Amino acid sequence: MNEAPSSLLLGVLIFLLFLSAFFSGSETGMMSLNPYRLRHMARKGHKGALRTRKLLERPDRLIGVILIGNNFVNNLSAAITTLLAIRLWGDGHIALASFLLTLVVLIFSEVMPKTLAAQHPESLAFPASLILKPLLWLLYPLVVTANSLSNGLLRLLRMQPQARSNDQLSREELRTLVREAGNLIPNSHKGMLVNILDLEKVTVDDIMVPRHEIIGIDTEEGTGTIRHQLGQIQHTRVPIYRKDINNILGLLHTRDLTRLLLDDRNPDTEKLVEEAAEPYFVPEGTALHTQMINFQRQKLRSAFVVNEYGEVQGLVTLEDILEEIVGDFTTDMDDSTHSIQPQSDGSVIIEGATSLREINRHLGWKLPAEGPRTLSGLITELLEDIPGPGLCLSTGCYRMEVLQVHNNRAQAVKVWTI
């Protein structure tokens with residue numbers, strides 16, 4: 001039998017190097033695919049994604065067929081290289097030929113295809129699935145045998161080769177994924193998505209209108225006083241109570257109030273109570289995502305937050321929850337000045353009733369918000385006493401000076417960082 005010509009062997013060697021590059025690139029491309037994008041494309045009916053996802057359901061078999069093919073072509077390449085070296089240069093240059101083959105395989109069949117596959121995994125993995133799928137069927141007995149032996153050795157090492165890692169994202173991982181989405185998601189949308197993820201960590205206590213700031217109508221007041229209060233109302237809904245905010249009789253909508261005033265310019269308290277809706281109470285500490293669902297189920301928009309003794313602590317509205325997601329979209333008509341006022345010297349004058357979460361979010365600070373909800377509450381907790389005007393204190397890198405005190409609470413505070 002005539003020996004194969006050297007040119008034919010060289011052609012076969014080049015073809016084998018291309019096959020080696022194919023297997024190397026396929027392995028990296030398959031393993032570099034974004035599993036969530038792959039799942040999305042498969043649900044959309046993308047044929048390449050469907051084939052690839054099917055192969056990745058058993059990664060041990062996929063890697064097995066790739067490595068069997070890669071090792072086979074590399075070993076065959078080494079044999080052909082040795083044969084060519086003997087023909088062209090003699091027995092003394094086999095080592096040189098092996099070195100050259102190793103260099104060529106490393107550059108053209110390993111580094112280059114794997115780098116390309118890592119940068120464009122879909123472009124390589126999807127077409128490769130057309131070849132790897134029938135190849136897996138063809139080499140199935142050999143792949144299963146190799147996997148059985150390797151899995152047996154892994155079990156001897158007390159490892160579980162069939163255990164699959166959990167590819168579900170945690171809340172923190174999803175938050176990181178959103179923040180690092182780049183230009184794929186507008187910044188405003190990123191903020192809303194992150195805020196939605198944070199709803200479970202935020203409770204109604206963090207966003208409610210505190211009890212002392214609730215504007216309502218006391219039915220024990222005189223008719224003239226009530227009529228004056230009705231004319232000054234600037235909210236959509238106003239609580240109706242008797243003597244104390246804990247004795248809430250209902251929640252009156254300004255729509256009903258307008259109709260009531262058109263019928264009677266001096267409505268008595270009984271008519272106000274009749275028009276008011278039943279009050280809705282929620283326990284303090286309720287997570288915002290839970291309360292939003294409760295509002296949806298109850299078809300309501302406002303709720304009174306009560307403590308374990310049934311005492312009213314504040315008022316929370318659906319609008320407050322939505323603002324936690326999309327940001328402020330209304331203006332408080334009662335406030336003629338902002339609660340956070342930056343000064344030219346770098347300090348900030350802040351109203352004591354301002355929530356710590358609002359301060360941190362507005363200024364990018366990290367004031368402790370696990371305990372007290374407001375700046376005034378934080379100062380009282382740090383002092384363990386009632387603050388007085390001119391008093392200075394610090395927490396972390398923040399320095400505070402109490403400017404005004406009202407009703408035993410810090411009303412205005414100057415804060416700066418060091």
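1. Lys114 counts as partly exposed, at 30% relative accessibility. On this scale, buried means under 20% relative accessible area, exposed means over 50%, and partly exposed lies in between, with a 1.4 Å probe and protein chains only. The partner of Lys114 is Glu110, and the closest N and O atoms of this salt bridge are 3.2 Å apart. A salt bridge here is a side-chain nitrogen of Lys or Arg within 4 Å of a carboxyl oxygen of Asp or Glu. Glu110 is buried, with a relative accessible area of 18%. The two residues are 4 residues apart in helix 5 (residues 94–119), so about one helical turn separates Glu110 and Lys114.

2. On the basis of the values: this is a predicted model, in which local features need pLDDT of at least 70 and side-chain atom pairs count only at pLDDT 80 or more, while totals for chains, interfaces and linings use all residues. Residues are numbered from 1 along each chain as its sequence is written, and side-chain values use heavy atoms, with hydrogens and water left out. Helices (H or I, at least four residues) and strands (E, at least two) are DSSP runs numbered from the N terminus.

3. By the rule given above, the count comes to 10 salt bridges. Side chains of opposite charge can pair when their charged atoms come close. One of the bridges joins Arg242 and Glu220, at 3.6 Å from N to O. Arg242 belongs to strand 3 (residues 237–242) and Glu220 to the loop between strand 2 (217–218) and helix 11 (223–232), so the pair ties together parts that are 22 residues apart in sequence. Arg242 is partly exposed at 38% relative accessibility, and Glu220 is partly exposed at 45%. Elsewhere, salt bridges that share partners join Glu324, Arg357 and Arg361 into one network.

4. A further bridge links Glu57 with Lys54, the closest N and O atoms being 3.7 Å apart. Lys54 is exposed, with a relative accessible area of 55%, whereas Glu57 is partly exposed at 39%.

5. Ser20 is placed in helix 1 (residues 6–32). Ser20 is buried, with a relative accessible area of 0%. Apart from neighbours within four places in sequence, Ser20 is in contact with Asn70, Val73, Asn74 and Ser109, contact meaning heavy atoms within 4.5 Å.

6. Asn70 lies in helix 4 and is buried, at 7% relative accessible area. With neighbours within four places in sequence left aside, Asn70 is in contact with Ser20, Phe23, Ser24 and Glu110. The side chains of Asn70 and Ser24 make a polar contact at 3.4 Å. Such a contact is a pair of N or O atoms within 3.5 Å; within protein, one must be able to donate a hydrogen and the other to accept it, and residues adjacent in sequence count only if both atoms are side-chain atoms.

7. A nonpolar core is a set of buried Ala, Val, Leu, Ile, Met, Phe, Trp, Tyr and Cys residues joined through side-chain atoms within 4.5 Å. The largest has 28 residues, of which Met30, Leu62 and Leu132 touch the most other members. At least two residues of this core come from each of helix 1, helix 2 (35–43), helix 3 (47–56), helix 4 (59–89), helix 5 and helix 6 (121–138). Another core, of 17 residues, lies apart from it and has Val348, Ile350, Trp365 and Tyr398 among its members.
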